[in-house]
Amino acid sequence: MSENPQNISVGVIGTGAMGGTHARNIHSRVVGARVGAVMDIDLSAAEAVAAECGSPHIFRDADELINSELVDAILIASPDETHADYVLKCLEANKPTFCEKPLATTVADGQKIVEAEVELGRRLAWVGFVRRYDPQHLGVQQAIETGRIGRPVLFKGWHRNMAITVSTASEVILFNSAIHDLDSARWLLGQEIEQVYVTGTNVERKHGQDCNDLQLIQLSLSGGCLAIIEVDVSSAYGYEVGLEIVGDQGTALAGNPRGTIIRHNQNYTRHVEDIWFDRFEDGYIAEVRAWIGSILSNNHDGPDAWDGYLSLLAADTCIASLKSGLPQRIPPYGQPALYEPGG
Ligand code: ISE
């Protein structure tokens with residue numbers, strides 16, 4: 001436990017590429033926090049991150065880290081299927097937790113987390129929807145909020161991974177990748193998803209016919225907005241995430257790769273990143289700063305368990321649509337008072 005309440009000791013579960021990035025950011029880019037302990041089943045990965053981040057404590061067991069007096073808050077960046085269990089344990093220990101997306105891999109587990117928070121009467125979980133902290137996305141949000149583009153009517157998104165990194169299963173593509181886009185649509189439009197229609201095709205044939213590595217997701221939202229999102233996890237050429245919000249007075253676009261533009265020999269070129277770590281570098285720093293800031297000020301103002309849950313519900317309904325070939329309505333749900341504004 002930190003003796004100085006302004007220096008939160010964070011325990012990092014999962015020190016792979018994502019957990020390592022968060023740990024390094026906490027160590028060197030965040031004021032008010034430090035890496036107090038790390039845990040990974042791959043001991044050498046844990047040792048390497050611990051050494052880089054000046055963290056003296058390495059755990060072999062996630063439960064022990066969560067319950068340890070050495071840590072005040074937990075960052076979860078372990079494989080997706082472990083998230084729900086660890087978040088629930090953090091809630092039992094009454095410790096704030098930043099969980100990489102997705103919050104869980106089933107709607108039922110997402111629901112358990114929401115129920116546990118309602119029971120506690122506190123929002124302790126934060127979900128790593130990094131795009132909410134990406135400067136380009138924030139520029140779009142500002143254009144909407146200031147009314148510059150008028151009333152938003154359409155969300156057009158594209159999300160391309162260079163190659164499949166997690167799994168070829170269509171479900172995993174929805175829960176692991178498209179979940180970001182589903183959250184972006186809710187967040188930027190300020191409306192809830194009511195109906196989804198998903199079609200998919202198989203681009204990278206080596207993965208087998210069942211792999212819908214290119215999916216087109218259509219959404220109808222509560223305030224009448226529409227969304228169309230391309231999720232392609234086998235783009236081959238690079239990593240790109242972008243969106244355009246079409247309003248009734250103009251549009252706002254976040255979609256530029258960050259690379260330098262070079263004009264040479266009658267050519268105009270720009271480097272496209274190969275993976276998300278560079279594209280969202282600023283967002284990753286900003287989101288952990290915001291998380292730590294929210295703990296220090298006791299004011300949770302980021303993506304919470306309810307956002308995590310609704311994105312899971314939408315992803316799950318997308319799977320039903322993809323499987324049935326039909327549009328599907330989001331099942332009815334009731335929003336607990338805890339998650340209402342000011343709750
Ligand atoms: C990955 O886990 C991420 O979170 C990236 O932001 C996303 O673009 C990618 O599709 C996911 O696999």
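## Close-up views of a predicted model

View 1. Helix H4 (residues 83-92) is mostly covered, with seven of its ten residues buried. Here, buried means under 20% relative accessible area, exposed means over 50%, and partly exposed is in between (1.4 Å probe, protein chains only). Helices (H or I, at least four residues) and strands (E, at least two) are DSSP runs, numbered from the N terminus. This is a predicted model, so to speak of local features we need pLDDT of at least 70, and side-chain atom pairs count only at pLDDT 80 or more, while totals for chains, interfaces and linings use all residues. Residues are numbered from 1 along each chain as its sequence is written, and side-chain values use heavy atoms, with hydrogens and water left out. The buried residues of H4 are His 83, Ala 84, Tyr 86, Val 87, Leu 88, Cys 90 and Leu 91. Their cover includes strand S1 (8-13), H3, S4, strand S5 (97-100), helix H5 (107-120) and strand S6 (125-128).

View 2. Most residues other than glycine have a negative phi, and most peptide bonds are trans. Asn 94 is partly exposed, at 41% relative accessibility. Asn 298 also has a positive phi, near 55°. This residue sits in the loop between helix H9 (281-297) and H10, and at 63% relative accessibility Asn 298 is exposed.

View 3. What is the form of the peptide bond from Lys 101 to Pro 102? The bond is cis, with omega near -5°. Pro 102 belongs to the loop between S5 and H5.

**View 4. Ser 68 in its loop.** Look for Ser 68 in the loop between helix H3 (62-67) and strand S4 (73-76). Ser 68 is buried, at a relative accessible area of 10%. Neighbours within four places in sequence aside, Ser 68 is in contact (heavy atoms within 4.5 Å) with Phe 59 and Lys 95.

**View 5. Ile 58 in strand S3.** Ile 58 is part of strand S3 (residues 57-59) and is partly exposed, with a relative accessible area of 35%. Setting aside neighbours within four places in sequence, its contacts are Val 38, Leu 43, Ala 46, Glu 47 and Ala 50. The C-alpha atoms of Ile 58 and Val 118 are separated by 32 Å, and these residues are 60 apart along the chain.

**View 6. Cysteines without a disulfide.** A disulfide is a covalent bond between the sulfur atoms of two cysteines. Here it is counted as a pair of cysteine sulfur atoms within 2.5 Å, and the count comes to zero. The sulfur of Cys 53 is 19 Å from the closest cysteine sulfur, in Cys 90, which is too far for a bond. For Cys 99, the closest cysteine sulfur is also in Cys 90, at 8.5 Å, again too far for a bond. Cys 53 is buried at 3% relative accessibility, and Cys 99 is buried at 0%.

**View 7. The largest nonpolar core.** A nonpolar core is a set of buried Ala, Val, Leu, Ile, Met, Phe, Trp, Tyr and Cys residues joined through side-chain atoms within 4.5 Å. Which residues touch the most other members of the largest core? Of its 71 residues, they are Ile 13, Leu 65, Phe 155, Ile 217, Leu 219 and Ile 245. Helix H10 (residues 305-324) gives the most to this core, with eleven residues. At least three residues come from each of domain 1 (8-129 + 283-303) and domain 2 (132-279 + 310-339). Another core, of 22 residues, lies apart from this one and has Ile 8, Val 30, Leu 75 and Ala 77 among its members.

**View 8. Where the two domains meet.** The bounds of domain 1 and domain 2 come from an automatic or database domain assignment. Taken over C-alpha atoms, the domain centres are separated by 25 Å. In all, 29 residues of domain 1 are in contact with 17 residues of domain 2.

View 9. The structure holds nine aromatic pairs. Rings of Phe, Tyr and Trp (its six-membered ring) pair if their centres lie within 6.5 Å; planes under 30 degrees apart count as stacked, over 60 as edge-to-face and the rest as tilted. The rings of Trp 276 and Phe 277 form a tilted pair, because their centres are 5.8 Å apart and their planes are at 45°. Ring pairs join Tyr 239, Trp 276, Phe 277, Phe 280 and Tyr 284 into a cluster.
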